[in-house]
Amino acid sequence: MSNLLRELSVELGERSYPIFIGQNLLGTCDLSRFVGGSQVMLVTNETVAPLYLESAKGCFPGKRIDTVVLPDGEKYKDWQTLNRIFDGLLERRHTRKTTLVALGGGVVGDMAGFAAACYQRGVPFIQIPTTLLSQVDSSVGGKTGINHPLGKNMIGAFHQPQAVLIDTGSLQTLPPREVSAGLAEVIKYGLIRDLDFLAWLEDRVDALVALDAGALAEAIYRSCACKAEVVALDEREGGLRAILNLGHTFGHAIETFAGYGNWLHGEAVGTGMIMAAELSALEGMISRADCDRITRLILSAGLPGKPPAGMTADDFMNLMAVDKKNVDGQLRLVLLRSLGDAVITSGASPENLALTFDRFCSPE
Ligand SMILES: NC(=O)c1ccc[n+]([C@@H]2O[C@H](COP(=O)([O-])OP(=O)(O)OC[C@H]3O[C@@H](n4cnc5c(N)ncnc54)[C@H](O)[C@@H]3O)[C@@H](O)[C@H]2O)c1
Ligand SMILES: O=C(O)C(=O)C[C@@H](O)[C@H](O)[C@H](O)COP(=O)(O)O
Ligand SMILES: [Zn+2]
């Protein structure tokens, strides 16, 4: 396999799979051994197709390849657009032996993965992520799904891919705003589980924003290694895996409030992590200096530091009430016990939560 820099494995017994990370793997890396039958349905979107569809096809020599090209955007991560994948599969007579391939960012990956989980009660799929966010996070771990107007990712399934192919070269065409959004999830790994990585990121954040190829390759490898480890320990989020949701309880509320696609997922998660850090500091779990350090890093990645104008504490509370981590109507949040160590808790005091909203939100 040419241009392969590094390989990781997500260890899930018979559902284990490799993650290949390298430059210019698209078109040169032969993935046909991960395709059981003769048919491939490549799912992508109208932005990614002109950039990478032809080279991606080159990863499946000898296979019959059909394509579905979806409209681009988080607002299309819905039932109607999902149905276009099923239409394409049925119109082209794809059988249970077909393999779906997701070529694009997290939206395409989550939707193609969910379609694979459902089509004829489940067919295999392969992830070829092309955004930083999807390369460090969404392509690994098997969470797939779509949004509901009342909440993010509310309809979905766990369905692990057969393989993940990360061509770091594809990031060179990514708009700067999307690079920053991806960095939010990269910073997340440092905060939840890897203090050394956090310090490394503080030194490299400018290089990462500037798309330095070496820095990106290392950040992607370390992020995927962290995610693979957490997923292997807790595939279906019985406990530990919830730490991957740091900043997401606030973040998903922001995305829903703003209207899907107006705030990028990574932007909302970045602000959500700043709010989670504030609450962790108010709870006496981390120091004020640590909280400031987190905020500095997130801002230096080019991410916003406060929720959208007009979003109130009530807006947050109403939207967070449907969070998937809640149990028996009780809000559960991921907070930081220390830098590099996250915990899921329902124990944050309502007073400190209110103080956090006071610091960040518009008045009622
Ligand atoms: N399943 C998971 O574990 C998981 C994890 C994190 C996020 N997510 C989900 O992922 C989604 C966000 O993913 P995203 O940030 O990749 O957004 P995205 O999929 O919307 O992609 C961002 C933009 O970049 C474009 N694009 C993709 N690759 C490109 C390239 N190489 N060059 C130029 N443009 C390119 C896309 O067309 C889109 O316009 C959200 O829906 C979020 O909920 C899922
Ligand atoms: O893989 C996970 O687990 C995550 O929580 C990763 C998150 O970055 C991602 O945004 C995920 O889609 C959120 O999952 P959800 O269950 O909160 O919808
Ligand atoms: Zn996320």
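This is a predicted model: local features need pLDDT of at least 70, side-chain atom pairs count only at pLDDT 80 or more; totals for chains, interfaces and linings use all residues.

Q: Where is H265 found, and is H265 buried or exposed?

A: H265 is found in helix α9, which covers residues 265-282. H265 counts as buried because 27 other C-beta atoms lie within 10 Å, the cut-off for that class being 20 or more.

Q: OK, and what does UniProt list for "binding site"?

A: The UniProt record, an unreviewed entry, lists E185, H248 and H265 under "binding site". These residues are spread over 81 residues of sequence, yet they cluster in space, with a largest C-alpha distance of 10.2 Å.

Q: Take E185 then: which helix is the place of E185, and what does E185 touch?

A: E185 sits in helix α5, residues 176-193, and, not counting residues up to four places away in sequence, E185 touches L133, V136, D137, G266 and V269. E185 counts as buried, because there are 27 C-beta neighbours inside 10 Å.

Q: Switching to the ligands, what surrounds ligand 2?

A: The residues surrounding ligand 2 are D137, G141, K143, K152, N153, E185, E237, R241, L244, N245, H248 and K324. By class, that shell has one nonpolar, four polar and seven charged residues.

Q: And where does ligand 2 lie relative to domain 1 and domain 2?

A: Ligand 2 lies between domain 1 (4-172) and domain 2 (176-360), because both of them give residues to the shell around this ligand.

Q: K324 is in that list; where is its place in the chain, and how many C-beta neighbours does K324 have inside 10 Å?

A: K324 is in the loop between α11 (313-320) and β10 (333-338). K324 has 16 C-beta neighbours inside 10 Å and therefore counts as partly exposed. The C-alpha atoms of K324 and T249 are separated by 8.9 Å, although these two residues are 75 residues apart along the chain.

Q: What about ligand 1, which residues come nearest?

A: There are 29 residues around ligand 1, and T47, G105, G106, T131 and S138 come nearest. The elements that give two or more residues to this shell are α1 (48-57), α3 (106-118), α4 (132-138), α5 and α9.

Q: How do the residues of the shell around ligand 1 divide by class, and which domains does the shell draw from?

A: The residues around ligand 1 divide into seven nonpolar, 15 polar and seven charged, and the shell draws at least three residues from each of domain 1 and domain 2.

Q: Now the domains themselves: how far apart are the C-alpha centres of domain 1 and domain 2, and how many residues does the contact take from each?

A: The C-alpha centres of domain 1 and domain 2 lie 25 Å apart, and the contact takes 31 residues from domain 1 and 30 residues from domain 2. On the side of domain 1 that touches domain 2, β1 (4-10), β2 (17-22), α4 and β8 (151-158) each supply at least two residues, with the largest share, five residues, coming from α4. By class, this side of domain 1 has 14 nonpolar, 10 polar and seven charged residues.

Q: Last one: what does the UniProt "domain" annotation cover?

A: According to the UniProt record, an unreviewed entry, the annotation "domain: 3-dehydroquinate synthase N-terminal" covers residues 68-180. Over that stretch the chain is 34% helix and 28% strand, and the end C-alpha atoms are 28 Å apart.

How values were computed: Residues are numbered from 1 along each chain as its sequence is written. Chains are lettered from A and ligands numbered from 1 in the order in which they are written. UniProt positions are given in the numbering used here, feature names are shortened, and annotations may be inferred rather than shown by experiment. Helices (H or I, at least four residues) and strands (E, at least two) are DSSP runs, numbered from the N terminus. A residue is buried if 20 or more other C-beta atoms lie within 10 Å of its own, exposed if 12 or fewer, and partly exposed in between; C-beta atoms are placed from the backbone. Two residues are in contact if their C-beta atoms, placed from the backbone, lie within 7 Å. A residue is near a molecule or strand if its C-beta atom, placed from the backbone, lies within 6 Å of it. Ala, Val, Leu, Ile, Met, Phe, Trp, Tyr, Cys and Pro count as nonpolar, Asp, Glu, Lys and Arg as charged, and the others, Gly among them, as polar. Domain bounds come from an automatic or database domain assignment.
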